[in-house]
Amino acid sequence: MDASHSDVLILGGGVVGLSCALYALQHGAHVRVLEQGTPGCGSSHGNCGTITPSHAAPLAMPGTLAIALRSVFRADAPLYLNPRLDGARLRWLLGFARHCNWQDFERAAQARAAILLRSRQLIGEWIGREKLDCEFVESGVMYVYRQPGPMVADEHHHTTLLERLGIPVQRLRGDEVEAMEPALKPGVKGGLLHPGDARLRPDRYVAELARLVRERGGVIETGARIERFDTEGRRIVRVGTNRGDFAGDRVLLALGAWSPLLGSKLGLRLPMQPGKGYSLTYTRPSLAPRNALVLRDVSVCVTTWDSGFRLGSTMEFSGYAEGLNRTRIDALRRGAAEGLREPEGPRLQEEWWGWRPMSVDEVPIIGPSTRWSNLHLATAHGMLGVSMSAATGELVAAQLSGTTPAFDPAPYAPARFGL
């Protein structure tokens, strides 16, 4: 075999691409990963590291678009829509608006729950079996409320939905939450504990996945920026990069938020937009939360590890605009200060931004392309790339090897978008 040829050529070395690589290696494939930077340098690096079946509910529901449109005038809103004109983003928003109904909400929630629950199981087994060094803790994620409005809304939609999907939720009084979490300021009205959730340090987790890929015979080409695709008929025969040409019997597009940009070179119009997120990473404060928290009134996620402390979340739709938005970083700080006794650690280690790959229906795009005979897709995981990664890898490997998937692949198929 040519040294540049692989059974499976994976485009993208984030948590999804590496998970797919590991499962393909388990099926005996020769695997090569092309990564434009270093493994996990995108959204896999700076997210909050929570593994969350509790996030089965999509953003798209009646009323969400009105909230987004009002945010045009509030650059620090948790969900922010930048007002600048952008044709691709406008088309995405119109498509997103069509999915803001209860029927599509229910359909997306069921699809998301299936892959989230399977992935949660696999990640726990994987970390335990391989003894991955990533600060994995299975203590759940707690939603914290200081205002009755968000608490009532979540009780009506969020809790009811999760219970219907078989995802456990524990309702807590304000005094119970404060007793469990001394790091919180007084005045908590109530909380929801999701005991099936977990947390890990995502950069360390991805580093461990990359180590396993290499140890098991996979090749990771770093600094390999994809420049072109050579095709014959309905087949991709070569992928050209700044580091040379590579080929694969099967090509897997797992490029996260970059998928639409590279997909367009293959004539694919992926219905995705980058949803920009931010995080702040500190050394650990002396009074750190015991659980991963979501401060629901201000939409701030708080994750504590032995090695540090991270504030994150927010969703900004500004297209492919790069760089930190100081207004949104400051909003994270203010939100944390409203709820935590020690909202920042002794030393700021990193201010981070990254693009989340948001599909128009908030269901990931996983499966064979209908246009290219040897192309597979594994993208559009939104804010849940880490949470969905293991089950995505398992599903892709099953499809490539012709074995029976562990769960129904139909809801995620690229064919629903003519891809």
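Predicted model: local features only at pLDDT ≥ 70, side-chain atom pairs only at ≥ 80, totals over all residues.

Me: Which strand gives the most to the lining of the largest cavity?
Reply: Lining residues have an atom within 4 Å of a point, and here they include Arg112, Pro357, Met358, Ser359 and Glu362. Helices (H or I, at least four residues) and strands (E, at least two) are DSSP runs, numbered from the N terminus. With three residues, the top contributor is strand S17 (residues 348–359).

Me: Is Glu362 buried or exposed?
Reply: Glu362, one of the residues lining the largest cavity, is found in the loop between S17 and strand S18 (365–368). Glu362 has a positive phi of about 60° although it is not a glycine. Buried means under 20% relative accessible area, exposed over 50%, and partly exposed in between (1.4 Å probe, protein chains only). At 7% relative accessibility, Glu362 counts as buried.

Me: And Ser299, where is its place?
Reply: Ser299 also has a positive phi, near 55°, in a residue other than glycine. Ser299 is partly exposed, with a relative accessible area of 22%. Its place is in the loop between S14 and strand S15 (300–305).

Me: Which element gives the most to the lining of the second largest pocket?
Reply: A pocket is an open set of grid points with protein on both sides within 12 Å along at least five of seven lines. The second largest pocket has a volume of about 410 Å³, and of its 19 lining residues, the closest to the centre are Ala88, Arg269, Leu270, Pro271 and Met272. Helix H4 (87–98), helix H9 (259–263) and strand S13 (272–282) each give two or more residues to this lining. With five residues, the one that gives the most is H4.

Me: What relative accessible area does Gln273 have?
Reply: The place of Gln273 is in strand S13. Leaving out residues up to four places away in sequence, Gln273 touches (heavy atoms within 4.5 Å) Ala88, Arg89, Trp92, Phe317, Gly319, Arg356, Pro357 and Met358. Gln273 is buried, and its relative accessible area is 5%.

Me: Why is H1 largely enclosed by the rest of the structure, and how many of its residues are buried?
Reply: H1 has twelve residues and reaches 17 Å from its first C-alpha to its last, close to the 16 Å expected at 1.5 Å a residue (1.5 Å times one less than the number of residues). Among the buried residues of H1 are Val15, Leu18, Cys20 and Leu25. H1 is largely enclosed because the buried residues number eleven of the twelve.

How values were computed. Residues numbered from 1 in each chain as written. Heavy atoms only, no water. 1 Å grid on protein atoms, 1.4 Å probe; cavity = no way out; pocket = protein on both sides within 12 Å on 5 of 7 lines; lining within 4 Å. Points joined across faces, edges and corners; volume = space filled by probe spheres on them.
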